[in-house]
Structure formats: structure tokens, C-alpha cells
Amino acid sequence: MLPAVVKLCCGITYPHLRSMAGLQRTAIAAIGQELAHVRQGGTISLPDWPSHIGWPWNTDSREERQSDVRPVRLREEELSYVQQGQEALRKALEIVEDKNGWKTETIQENGDVIYSKVLPGGRKVFRLEAVLEASPEVLCDVLFVRVEEMCRWNPSISHIKVLRSVGAETMVTHEVTAETAGNLIGQRDFLSVRHCCKQKSRIYLAGAATHLESFMPQRGFVRAEDGPTCIILQAVDDGSRRSRFTWLLNMDVKGWLPKSIVNQALPRAQADFTKHLRRRLTVTPMQR
């Protein structure tokens, strides 16, 4: 349909094009190139849903988000990261939504519950269920938009840096865990693609290990692999600003550690992370 419409428009305007100034002809030529590029699948439209849910973007970012949907030209590498993030979310949700095989791992004093499940192949994954005193939008801002600030409030992370950003919904990050007392796994680094999206009343944050030619494994670290994993944020339907927080932790820590140690350390890491997140939400005043 699009090629036919384009040809019709060009036929109508052809007599006027011959009398156009050079700058106008250049503009029309550029438009033609863009339309050809669309036909080849070289663009992707990214929804601008964050601007509608009150995220604290800076002024410059808001000015760039004037329309609900805008065409963004992505290079092949960038498009690959978006697809990796979307695929990570799809696979993670398949694990979470499959009700079979889940067993209660621990019940925390504050009511948080951690479940575990063994996937085909023998890897054990963990699902934490909690209720947090913040809206899904605030939690998404803390966990995704301001991800580089995570090491300020989570002592288990010594460094986290955004290496690539693809629109507002996908990024590639490098993360280094801290050397902390009681850390059974030891220091690890991660290279991950992170992706967020909103569907109906839920916000999803997904992640998975990725590859970057210019950022190979660092000397002195064991590079672990995260994912497919996801966090699901959904408002508690009671008129409050609270959220249901569901976190699927799916990690291959690599190295030569016994599974018993890894399976003991990961749910503990989930509980500790949630404790630090609650403290972050309480100590730092945030608009909710």
C-alpha cells in the first residue's frame, strides 16, 4: 500500500518539483531516501510511553519526546540489542508464568517470599514476591532510568555503567559486584542488555547477557551471565502508591563453585537487594 501511495503523491507533485529551488529538491530527495529505507526495514518505531507516566526526565529529554511514536533509525547492532531485550522478556515471562515446579525457598520476616524452580538442564532459578512502598513508575525510575546510581545504595555493586543506549527502552550495561563480607560467590562482572516496556497496568524490566566486541571480559574478574531474567512491577489495587514486585533471578555465575553454594547465595542476594531497595525508597525523598 505504501509504495502505491508514494507513487501517486509523486505523480501529483511532479510538475511542481521541476520548479523547486535547490534546497527544496534536496529535501524531497532526502524524503525519498527515507521512504526507501523504510521499505527495506531500516527503521523501527519506538513508543514513547515513559513520557505519559510521569517519569522525571530532564527538560532536554522531554523536548525530544514531543510525539507518541517517532521513527528512530537503528543500526544493525542497535536493532540486535532491542531484539535481545525483547526475547529476554519473552523467555523470562514463560518461566514466571509457568506455575509448575515452583517450591517455597524462604519466607522473610517482612513477608517477602522467595520461590525456586529447576529448569531443564539443571539450573535453579528464583522468584521473589514482595510489596514495596512506591509506585511502579518510581521503581522503574530507580531500577532502570537511574541504573548507574545503583551502586550508591546497593553495597553489593561496586560499579555499573551504561555502555550503549538504544532509545529510552534498551541499554547495554557493564556491572561489577563488590567484594563484601559473606559473599559466597565472589566478585563477578556482567555485560548485559536491559530492556523495559509497559503493557496495560504492568511495567516489565528484562535482562540477559550480551556481547560487545569492544568490551571483552576484564582481567581479574569472572564474567557471569545473567538471564533471561525480569522484574514485573504492578500497582497494588487498593488506591495506595504501593507496588507488587516480582523478580525472576536467573544467573550462571560461572567459575568452579559447587551448585549448593550458588543456590544458597542467590536467594540471599535477592533478599539483601530488596532490603537495600526499600532503604533507598525510604531515605531518599521521591515524588510518587
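Trainee: Is Thr 173 buried or exposed?
Mentor: Thr 173 is buried, with 0% relative accessibility. Buried means under 20% relative accessible area, exposed over 50%, and partly exposed in between, using a 1.4 Å probe and protein chains only. This is a predicted model, in which local features need pLDDT of at least 70, side-chain atom pairs count only at pLDDT 80 or more, and totals for chains, interfaces and linings use all residues. Residues are numbered from 1 along each chain as its sequence is written, and side-chain values use heavy atoms, leaving out hydrogens and water.

Trainee: Where does Thr 173 sit?
Mentor: In strand S7, residues 170–177. Strands (E, at least two residues) and helices (H or I, at least four) are DSSP runs numbered from the N terminus.

Trainee: Which side chain has a polar contact with Thr 173?
Mentor: That of Arg 194, at 2.8 Å. A polar contact is a pair of N or O atoms within 3.5 Å; within protein, one must be able to donate a hydrogen and the other to accept it, and residues adjacent in sequence count only if both atoms are side-chain atoms.

Trainee: New topic. Where is Asn 250?
Mentor: Asn 250 is in the loop between strands S13 (243–249) and S14 (251–252). Asn 250 is buried, at 2% relative accessible area.

Trainee: And which side chain is its polar partner?
Mentor: The side chains of Asn 250 and Arg 123 make a polar contact of 2.9 Å.

Trainee: Last one: which residues of H7 are buried?
Mentor: Among them are Val 262, Leu 266, Phe 273, His 276 and Arg 280.
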